[in-house]
Amino acid sequence: MTKFKPFIVLSAVLFTLVLIIPALLVVLPFGNDEKQENREAVTAEKKKEEATPFTSMEPAVDVAVYRTDAKKVETFAFEDYLIGVVASEMPAEFELEALKAQALAARTYTMQHLLADEGSLPEGAMITDSTDDQVFKNKEELKKIWKSDYDWKIEKITQAVQETSGQILTYDGNPITAAFFSTSNGYTENAENVWANATPYLKSVKSPWDIDTPKFADQISIPVSEFEKKLNVKVPSGQTVAKIVEKTDGNRIGKVDINGTMIKGTDVRMKLGLQSTDFTLKRNGDQINIQTKGYGHGVGMSQYGANGMAKEGKSYKEIVSYYYKGIEISESDTMVAKLTAQK
């Protein structure tokens, strides 16, 4: 085998280094400059996105609200009205996805109500600020209620409204009756068990997320004389006050027999001011002890149920689709056009 002389090898190495090192010095800076340019472009785009204000898709109409306590009409931009409703109807401490579901229900209710234009309100009003429609408070009122918590709460509520902007719940192309209530007894209720007519999307579903929440259980006592007067009945002498004649799909009282008088569960709840139609009645001397499960009429979306679903990672779309059966989430453009045409 032929051996290379040392000086020849050394010369070859030096020659190679002379060629490679300048090339590296030229290539590396350009590579770094390209990366730097990419980073700057990404940063500039991000800043541009952050600087771009949110564009609301809410209808460019005002909502004239009858302020029940002040007995006057105040007008608000559609989005501001929705913010005031969501802030008044659901705790800001709830999960963001639950608040979004509430915003969707509030927007749908408002759109349906404005399109109906029933005309039974004081002159100039389109909707009330009470439980007859949706509870509403303006930002000045919310500042007084929330005090030091106002900033973060209004920011969160506004986010929920804006991130569902322009979306409503529809069934067969029309806004639904987006009923909601505070807390279920473990089930929601069929609409026909509370109101006059059945509604295909307001059907009983399981709602286990409500159990062990603050408003799930309640207990009150009423004097026998007051109980008899309010229900127009005569209470039997034993501990058993009533016999359950009918239970609903939502596991609530449909009808009871009180000493021969048949009464609907919804009438018992309304006349006695109970939290729910899932109640038990027991006599204890001259008192009637009443225990209830759930809070509200039970139809549609349970708010505590929605919050429980959100805590499990469900989106607002999954929440509303669970509580309102067979509905679609639609853009409000067509409804806005109808609403604008009415003006």
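T170 stands opposite P175 in β5, and 2 bridges join β5 to strand β4 (residues 167-171), the two running antiparallel. This is a predicted model, in which local features need pLDDT of at least 70 and side-chain atom pairs count only at pLDDT 80 or more, while totals for chains, interfaces and linings use all residues. Residues are numbered from 1 along each chain as its sequence is written, and side-chain values use heavy atoms, with hydrogens and water left out.

Strands (DSSP runs of E, at least two residues; helices are H or I, at least four, both numbered from the N terminus) pair if DSSP finds at least two bridges between them. An open sheet of 3 strands has the order β5-β4-β14 with antiparallel pairing; because β5 (174-175) and β14 (328-331) each have a single partner strand, they stand at the edges with one side left without a neighbour in the sheet. Helix α3 (residues 96-116) lies across β4, β5 and β14, running at about 65° to β4, where axes are lines fitted to C-alpha atoms, for helices over the stretch in contact (heavy atoms within 4.5 Å), and angles run from 0 to 180 degrees between N-to-C directions.
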